[in-house]
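I opened the notebook to record what I looked up in this model. The entries follow in the order I made them.

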Amino acid sequence: MNAHRVWAEVDLDAVTRNLAVIRRRAGPQTRIMFVVKADAYGHGAVALAHHALRCGVGALGVGSSAEALELRASGVRAPILVLGTLIDDEMDECLRNDVHMALHSSDRRAKLQELSKRLGLKAKLHLNIDTGMGRLGVLPHRAIELMREVKQSGHLELAGVMTHISAPDGALAASTHEQQRLFEGVLREGREQRLLSGWIHMANSAALFTDLRPRYDTVRPGISAYGVMAADMPGVDELSPAMSLRSQVVFLKDIPQGYAVGYSSTWRAPRPTRIATLPLGYNDGVPWRVGNKAEVLVRGRRAPIVGRVSMDYTTIDVGHIGGVQVGDVVTIIGRDGHESISAEEIAAHAGTIGYEVTCHVGKRVKRVYTGGTELVLPAMPPAALPQRWSAPAAPMRNP
Ligand SMILES: *Cc1c(COP(=O)(O)O)cnc(C)c1O
């Protein structure tokens, strides 16, 4: 018997293997900042963060102060960076909980200096340079000035310098190399003016898998650790998807030819058939748009979703599969026998990306963790890394 209407099985051994692949690509000396924003892309941030830290990850990246505090409250002591930006009300708690913050404006720097001074603390800031993402980050020509302001503020520490890549295919895109050229320019000037300090980071999963060089001393993979990547990405076949989304048949009904199923009667049975109803809908992570498009797995075989996906329920045609019973496990994402369905496959039917599919696995879906007892400790501990980064490549050596 299955205890849950809907559950997401998260295979921690898959995460271990993916982290080992990431470690190999990053090299033994590089700090891995594992990105666990959006509740670890729907996988559960607390569980994933603790597991990844045991696998040798050196830092965590999150999307908001609340996510950082959730990890701190769960006992995470490793460095945590809020990758994007903060609203003013988040600064206090980040400071008190030793959470690193990205910085991209003079105004924010002034506020942080004032607040840190009042609290008697030192803020750890990562200067985010916008080299082409066009979203957050200071433009390159303002970066050095901001670095100097940080250096001159007694309660601020430049804990890192970062940029973010806009192309989904990393080093395969010309724009990424242009972004890197701009980033290098800022790094060079910062080094010349002796303002540079802390971690240097640029690479996300796509950059790692397309082997963007240099990687600097820290990389920020997210999606690859969860094993969800576009099928045409080099090396993607080494990754294992960590999440399976499963449910069970709660009702079976034989319907005659021409009978309509679901809201707006968008599907009518082309022949007499058997409809199975599943107790999960778009609130649980089956995108509304996959109605009449995607398939699920029952008894190791594919069954089409028929009719619209509703908030709590999804209907599938199982007329071609013998012996289906109430209580049978249904796999929306994952493997069943020889068949498997990836988050990317669902995403393609929904006109979206794999990231959104796992992020949208809903709150009421129970996360069930498996594995996680066998760990790899694939590299030197990050604490042993030199505090100050010095580049290996000749043109980038410190003066
Ligand atoms: C989400 C995010 C990442 C991780 O990207 P993936 O494509 O999931 O590897 C890295 N850096 C920043 C700033 C991010 O916001």
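**Aromatic pairs.** I listed the aromatic pairs and found 4 in the structure. The model is a predicted one. Next I looked up where the two residues sit in the chain. Tyr41 belongs to helix H2 (residues 37-41), while Tyr226 is in the loop between strand S9 (218-219) and strand S10 (243-248). The two are 185 residues apart, and the pair links distant parts of the chain.

For Arg220 I noted a side-chain N or O atom at 2.8 Å from a nitrogen atom of the ligand. Gly222 uses its backbone instead, with an N or O atom 2.9 Å from a ligand oxygen atom. I also checked the area: the ligand taken alone exposes 390 Å², and the protein buries 92% of that.

Which pocket does the ligand sit in? I found it in the largest pocket. The residues around the ligand include Val35, Lys37, Leu83, His164, Asn204, Ser205, Pro221, Ile223 and Tyr355. Sorted by class, I have 6 nonpolar, 4 polar and 2 charged residues in the shell.

**Backbone.** I looked for exceptions here, since most residues other than glycine have a negative phi and most peptide bonds are trans. The peptide bond from Arg213 to Pro214 is cis, with omega near -10°. I placed Pro214 in the loop between helix H9 (205-209) and S9. Asp98, which is not a glycine, has a positive phi, near 55°. I located Asp98 in the loop between helix H5 (91-96) and strand S5 (100-103).

Key: Residues are numbered from 1 along each chain as its sequence is written. This is a predicted model: local features need pLDDT of at least 70, side-chain atom pairs count only at pLDDT 80 or more; totals for chains, interfaces and linings use all residues. Side-chain values use heavy atoms; hydrogens and water are left out. A residue is near a molecule or strand if one of its heavy atoms lies within 4 Å of it. A polar contact is a pair of N or O atoms within 3.5 Å; within protein, one must be able to donate a hydrogen and the other to accept it, and residues adjacent in sequence count only if both atoms are side-chain atoms. Accessible areas come from the Shrake-Rupley method with a 1.4 Å probe; for residues, only the protein chains shown count as cover. On a 1 Å grid over the protein atoms alone, a cavity is a set of points where a 1.4 Å probe fits but cannot get out, and a pocket is an open set with protein on both sides within 12 Å along at least five of seven lines; lining residues have an atom within 4 Å of a point. A molecule sits in a cavity or pocket if more than half of its atoms lie within 2 Å of its grid points. Ala, Val, Leu, Ile, Met, Phe, Trp, Tyr, Cys and Pro count as nonpolar, Asp, Glu, Lys and Arg as charged, and the others, Gly among them, as polar. Rings of Phe, Tyr and Trp (its six-membered ring) pair if their centres lie within 6.5 Å; planes under 30 degrees apart count as stacked, over 60 as edge-to-face and the rest as tilted. Helices (H or I, at least four residues) and strands (E, at least two) are DSSP runs, numbered from the N terminus.
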